[in-house]
Amino acid sequence: MSGAALGLEIVFVFFLALFLLHRYGDFKKQHRLVIIATLLAWYLCFLIVFILPLDVSTTIYNRCKLAVNSSPAESNGSYVTLAPSKQKCFKPWSYIPDGIMPIFWRVVYWTSQFLTWILLPFMQSYARSGGFSITGKIKTALIENAIYYGTYLLIFGAFLIYVAVNPNFNLQWNQLQTIGIAAANTWGLFLLVLLLGYGLVEIPRSHWNGAKRGYLLMKTYFKAAKLMTEKADAEENLEDIMEEVRKVSESIKYNHPLRKCVDTILKKCPTEYQERMGRNMDDYEDFDERQNSYPSEKSLAKLHKQVIYSVQRHRRTQVQWQILLEQAFYLEDVAKNESSATRQFVHTFHSQEPENKIIQYFYTPTVEWYWECLLRPWFYRVLAVVLATFSVIVVWSECTFFSTKPVLSLFAVFIQLAEKTYNYIYIEMACFLTIFFLSICVYSTVFRIRVFNYYYLASHHQTDAYSLLFSGMLFCRLTPPLCLNFLGLTHMDATISHKNTQPTAYTSIMGSMRVLSFIADGFYIYYPMLVVILCIATYFSLGTRCLNLLGFQQFMGDSEMTSDLIDEGKELIRREKRKRQRQEEGENRRREWKERYGNRDDSTRSRAVHTDQKESSFSETNANRPLSKYTRSNGRTERDRIELLQDAEPLDFNADSVNDDPLESDSGR
């Protein structure tokens with residue numbers, strides 16, 4: 001089993017990252033480099049979280065071996081036995097051989113740092129660029145990141161000059177590397193505590209509120225009102241941008257040098273706008289530089305960037321509106337079915353997507369009623385209590401993990417108790433649950449936050465390339481300090497425990513933080529205590545109240561604006577529900593008409609086809625007969641024969657139109 005657990009987790013984490021990226025990104029429409037870079041960033045961060053418990057169990061076994069080797073011992077198979085006390089050091093089932101983990105962590109860590117500080121910021125600017133060529137996009141990305149990279153180089157250069165001038169410092173390359181790692185971890189820890197303080201309170205509270213049907217329905221109405229406003233704004237913005245594109249398309253003709261740029265912009269527009277602009281184009285006109293003023297390539301690049309953003313935003317709001325409607329209809333169905341006497345769940349509208357037959361077989365209407373109306377609220381309440389307990393333990397441990405005598409951190413107590421009995425399964429499960437809960441609190445906040453319209457992770461393949469890359473940057477910057485914080489909570493970090501023991505392979509690549517004592521003994525210990533203040537502020541919704549005062553409408557039960565938006569959203573949902581009902585009634589009537597009169601219509605249609613065939617065969621037979629007996633010597637003209645076969649409309653009598661020629665009159669008779 002040596003190394004097998006590591007290989008299995010590497011494969012599992014890859015598919016987990018791929019699944020999440022498929023949920024938020026769009027593999028068909030987004031650039032492949034964006035997908036690959038985001039997948040790599042998410043994969044490396046998730047990999048650190050899943051592999052770190054294996055590193056902890058392996059480190060505990062190595063410490064036991066060092067303790068055994070330092071005293072008289074006997075070797076026996078897969079464990080080592082101390083001679084005096086007969087203590088056994090069992091090898092864990094997930095043991096990773098020496099030398100693998102340091103190389104593994106070094107590759108994972110430095111790759112993630114290269115992504116978050118160099119590659120992903122550059123790709124963000126490249127993805128948002130409106131250039132029409134690869135060279136133009138790269139040039140724009142370099143110009144936008146010049147200030148970003150220049151700031152870091154300036155700070156690092158000033159630090160090097162200070163070290164070179166000050167005689168008290170005699171730093172080597174390893175110490176400079178440690179300082180760089182400490183600076184990156186300090187920035188990440190600053191953001192980590194902010195996100196963690198929000199997630200520790202909001203995640204249990206959201207699950208507790210999930211058991212309240214009325215609360216969820218009111219919040220859905222509130223979201224509907226806000227989303228309708230955003231949807232109308234996106235449609236209006238798209239109309240304005242398309243009007244500018246139309247003017248540019250009409251001014252720049254087919255033989256203009258910038259026409260290729262205009263065609264590139266038109267390809268990014270929705271299909272209906274492309275067809276509308278295509279009908280109004282007069283490309284047969286030549287352009288004249290002396291008479292008309294044409295936009296520059298720089299202005300076209302700016303317009304191209306606006307088109308990409310407006311189309312993405314319009315598509316996202318349309319999809320989110322449909323998803324929100326389905327959610328609102330379902331919550332209304334749950335409210336109606338709670339008082340059902342038959343105890344069978346009845347849907348107002350049938351699902352538009354075909355359901356799996358296996359799910360339909362087991363998840364019957366009766367099972368659905370018991371789950372939605374009885375079991376699910378209680379399940380969410382129990383889950384909320386469990387998550388709240390974890391949150392309390394985390395807050396307590398964050399405030400007391402620096403105490404080693406006595407050990408006050410509960411996570412450190414759990415690990416040390418398991419270490420005495422060398423129960424590696426318990427150690428790995430405790431470590432995994434701890435770091436997994438911390439990751440959920442931090443990562444879920446990253447998925448929830450929204451910075452206006454610049455950063456927003458939207459599910460159902462509606463996240464743009466800029467937001468995907470930005471999320472990858474955040475994950476790569478938050479995960480290393482998150483893991484160091486976890487090792488500090490469990491006292492597996494020698495900097496916290498103050499023990500001269502073998503460190504984990506993960507902390508060994510970070511170097512000794514004693515190089516910067518004010519960070520190791522000050523910031524890393526006392527700053528996490530700020531999570532208590534952040535949790536209290538989140539519990540009383542201070543951030544939500546501040547945003548509401550600034551004009552950003554937030555869901556608050558005691559606000560008049562919230563009540564108005566709930567009423568507006570309820571009316572919008574009711575209107576969409578009536579529209580959906582009329583559509584389904586029309587489809588049902590057409591289906592019933594087709595089922596009732598479909599056979600009769602088919603028989604009538606077959607008789608009509610048979611009659612047409614007989615008439616056509618009769619006309620062909622008459623056409624093949626000799627016509628000399630009924631034809632005058634001079635014959636009729638082709639025009640007269642055609643008129644005889646046509647169904648002419650009755651003409652008004654006009655004496656002037658009467659022909660006096662007897663031959664023509666006989667011919668007419």
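Ala 225 touches Leu 565, Glu 568, Gly 569 and Leu 572, leaving out residues up to four places away in sequence; here contact means heavy atoms within 4.5 Å. The residue belongs to helix H6, which covers residues 213-251. Helices (H or I, at least four residues) and strands (E, at least two) are DSSP runs, numbered from the N terminus. Ala 225 is buried because its relative accessible area is 0%, where buried means under 20% relative accessible area, exposed over 50%, and partly exposed in between (1.4 Å probe, protein chains only).

The model described here is predicted, so to speak of its local features requires pLDDT of at least 70, side-chain atom pairs count only at pLDDT 80 or more, and totals for chains, interfaces and linings use all residues. Residues are numbered from 1 along each chain as its sequence is written, and side-chain values use heavy atoms, with hydrogens and water left out.Taken as a whole, the protein chain has 22 helices and five strands. Of its 669 residues, 38% count as buried. Among the contacts in the protein chain with a separation of 6 or more, 76% are accounted for by residues 24 or more positions apart.

An unreviewed UniProt entry lists residues 224-251 as "coiled-coil region"; UniProt positions are given in the numbering used here, feature names are shortened, and annotations may be inferred rather than shown by experiment. In the model, residues 224-251 are 100% helix and 0% strand, with the end C-alpha atoms 40 Å apart.

Leu 325 is found in helix H9, residues 297-337, and counts as buried because its relative accessible area is 2%. Leaving aside neighbours within four places in sequence, Leu 325 is in contact with Ile 573 and Glu 576. Gly 3 lies in the segment before helix H1 (4-24). With a relative accessibility of 28%, Gly 3 counts as partly exposed. Gly 3 and Ser 94 are 91 residues apart in sequence, yet 6.7 Å apart in space from C-alpha to C-alpha. Gly 3 touches Tyr 95 and Pro 97, not counting residues up to four places away in sequence.

Some backbone features come next. Most residues other than glycine have a negative phi, and most peptide bonds are trans. The peptide bond from Lys 405 to Pro 406 is cis, with omega near 0°. Pro 406 is found in the loop between H11 and helix H12 (410-421). Tyr 422 is not a glycine, but has a positive phi of about 55°. This tyrosine, Tyr 422, is found in the loop between H12 and helix H13 (424-448), and is buried, with a relative accessible area of 15%.

His 491 has a positive phi as well, of about 60°, although it is not a glycine. This histidine, His 491, lies in the loop between helix H14 (465-489) and helix H15 (494-497). His 491 counts as buried because its relative accessibility is 8%. The side chain of His 491 reaches the backbone oxygen of Phe 401 at 2.7 Å. A polar contact is a pair of N or O atoms within 3.5 Å; within protein, one must be able to donate a hydrogen and the other to accept it, and residues adjacent in sequence count only if both atoms are side-chain atoms. Leaving aside neighbours within four places in sequence, His 491 is in contact with several residues, including Phe 401, Ser 403, Thr 404, Val 407 and Ser 409. Ala 412, Gln 416, Ile 496 and Ser 497 are also in contact with His 491.

Finally, the cysteines can be considered. A disulfide is a covalent bond between the sulfur atoms of two cysteines. The structure holds zero disulfides, a disulfide being a pair of cysteine sulfur atoms within 2.5 Å. Cys 269 counts as buried, at 5% relative accessibility. Cys 431 is buried too, with a relative accessible area of 1%.
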